[in-house]
Amino acid sequence: MASFKPTRIQVYPKLGEKVTQDTLYWKNYKAPVQIKEFGAITSIDFSPLAPHTYAVTASTRVHIYGPFSQEPVKTFTRFKDTAYSGRFRSDGQLLVAGCEDSAVRLFDVSGRVAIRMFKGHTKAVHVTDFTSDRYQILTGSDDYTCRLWDIPNSAELTSYKEHTDYIRCGITSKLNRDLFFTGSYDHTLKLFDARVDKSVMTMDHGQPVESLLLYPSEGLLVSAGGRYVKVWDLLKGGQPLVSLKNHHKTVTSLCLGSNGQRLLSASLDRHVKVYSTTNYKVVHNFDYAASILSLGLAPDDESIVVGMTNGILSIKHKRSPEDSKGAVQQKRQPAYRIFVKGKNYVPKQDDYLVSKPVRQHLAKYDKLLRQFNVSKALDAAMEQWSRFRKSEIPMAVIKELDRRGTLKNALAGRDEKGLCQLLSFVIFNLVDTRFTAILTTMAEMLLDIYQSTVGMSSLVDRQLLRLQELLDKEMEYQQELMEVLGMLDVLFASAHPRKEVTLPGDRANGLAQGGTGTHHRPQIQAL
């Protein structure tokens, strides 16, 4: 007698995340290190010089962390109220920060006390940045003004009041010390030139602007506000280039990565999206536990730092090639010894091979199928579907029963609970194209067997109505798809260029034409 062959569970291709080079690149980070700050983290800024420390602004403090430190290496606490927008100068020697008390403080990174204090704003200062010449500071405030300050003289150079709402973001040009951009809750972005007494360009974002980012070439400007991330072409007078709507809550922070090849956006929806700057498609996504207020990316993407509303600072460091190689070797070391053992043994001529019979382990439904208990085998498969929601297992058993011709016997004799379970399985998987063919046969068998019981159970009747509604919706959907396909065929046919086709040969209607002159061949218009 032939041995029993277990039911073959077909493996279907998964419709999950497509593995790309970006997926492998952005997943090559270690487990995040989390640090608890004193309040919501509103700003993260990396020093442009090695070892690339970063300033974290939270509550009434600005902490400076080392690349791999879990404790701040420097802390500035000379703030009377909430601090905002801690920014490094391009040489990494000075740091500027705004405050809720309307004052702007300038610190020496190697010291502790503010070496300059700039007073002139009347409300909280949320925007600070250095100009490219290192001798001026840009500030933006809730008093609707943006100002330029001279560092050596601690004096205000110029002031602009063109916005009609809070100024919450701004950035200076790194190529021209006189140019800077501001974004406001009045939905506008403005380009200012310090040599002119008013703005030289205005763009309407359409939402309160939360963050600005300038490309290294400074030909493109990126703004974030509401659910939108918009890219503006500055060389074409601020013309909108692309509008991205991949977040479902307010976008709060932007940064560039991979030497300008990738754009990152963080949002209150707890996601960080990574876009390709060539086609602005999302190539990767990071999930976090709380809403994100600030985002920072180290040079060469060595670490990703995220500040959240709950005061948690999350730091992800990239794995080095040595770490990855060591982990792989550590995993393979015991397996290598086990598999190599005995491989170099060469059997001799008089040796006898004694093989041990391998015991076959069968699943519960296979054991029942072996005993021809088809109804109980189907119950066992349905039990696994109820526990794990793996439709492949009951589908394999149903196909095996149909192949044997015993599917109708397995479906018969069900009580109310068992029949409801079978109908639920059919409803759940009927529109799945992988299972539609066999489940249609199964549904027809159920209706044939239990048509006399319709109206006797409210639960069964409810399931049958659900099945009918599902079939009606699917038929309407298929009909709409056929109509769309028909319209597409017409569009493709009309868009195809017309070509003139010349009939071959010098004969018409099978009759030879006399003479040696040139014959006129009939032309046919063809699609």
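Which helices do the buried residues of α4 pack against?

Modeller: They pack against α3 (364-370), α5, α6, α7 and α8. This is a predicted model, in which local features need pLDDT of at least 70 and side-chain atom pairs count only at pLDDT 80 or more, while totals for chains, interfaces and linings use all residues. Residues are numbered from 1 along each chain as its sequence is written, and side-chain values use heavy atoms, with hydrogens and water left out.

Some terms come before the details. Helices (H or I, at least four residues) and strands (E, at least two) are DSSP runs, numbered from the N terminus. Buried means under 20% relative accessible area, exposed means over 50%, and partly exposed lies in between (1.4 Å probe, protein chains only). Contact means heavy atoms within 4.5 Å.

Start with α4 itself. The helix has 15 residues. From first C-alpha to last, α4 reaches 21 Å, close to the 21 Å expected at 1.5 Å a residue. That expected span is 1.5 Å times one less than the number of residues. The buried residues of α4 are Val-374, Ala-377, Leu-378, Ala-380, Ala-381, Met-382 and Trp-385. After α4 comes Arg-389, with a positive phi near 55 degrees.

Now take α8, one of the partners of α4. Helix α8 (residues 436-450) also has 15 residues. Its reach from first C-alpha to last is 21 Å, close to the expected 21 Å. In α8, Ile-438, Leu-439, Met-442, Ala-443, Met-445, Leu-446 and Tyr-450 are buried. These residues cover an arc of only 160 degrees around the axis, so they sit on the same side of α8. The arc is that of the directions from the helix axis to the C-beta atoms. An α-helix has 3.6 residues a turn, so residues three or four places apart point the same way. The cover over the buried residues of α8 includes α4, α5 (392-404), α6 (407-411) and α7.

Ring pairs come next. Rings of Phe, Tyr and Trp (its six-membered ring) pair if their centres lie within 6.5 Å; planes under 30 degrees apart count as stacked, over 60 as edge-to-face, and the rest as tilted. The whole structure holds 15 aromatic pairs. One of them is Tyr-160 with Phe-192, a tilted pair at 4.7 Å centre to centre and 45 degrees between the planes. Tyr-160 belongs to strand β13 (residues 155-160) and Phe-192 to strand β16 (residues 188-193), so this pair links distant parts of the chain, 32 residues apart. Tyr-160 and Phe-192 are both buried.

Another pair brings us back to α4. Trp-385 and Phe-425 are edge-to-face, with 5.2 Å between centres and 90 degrees between planes. Because Trp-385 lies in helix α4 (residues 374-388) and Phe-425 in helix α7 (residues 416-429), the pair ties together parts 40 residues apart in sequence. Trp-385 is buried, at 4% relative accessible area. Phe-425 is buried too, at 0%.

Elsewhere, ring pairs join Tyr-25, Trp-26, Tyr-29 and Phe-286 into a cluster. Charges also sit over rings. The rule is NZ of Lys or CZ of Arg within 6 Å of the ring centre and within 35 degrees of the ring normal. Arg-61 lies over the face of Phe-38, 4.0 Å from the ring centre. Lys-230 places its charged end over the ring of Tyr-228, 5.5 Å from the centre.

A few backbone points follow. The peptide bond from Ala-50 to Pro-51 is cis, with omega near 10 degrees. Pro-51 is in the loop between β2 (41-46) and β3 (54-58). Arg-134 has a positive phi near 75 degrees. Its loop runs between β10 (125-130) and β11 (136-141). Arg-134 is partly exposed, at 35% relative accessibility.

Last, the whole protein. The secondary structure comes to 9 helices and 30 strands. Of the 527 residues, 42% count as buried. Among contacts between residues at least 6 apart in sequence, 45% join residues at least 24 apart. The search for disulfides, pairs of cysteine sulfur atoms within 2.5 Å, finds 0. Cys-99 is buried at 0% relative accessible area, and Cys-255 is buried at 9%.
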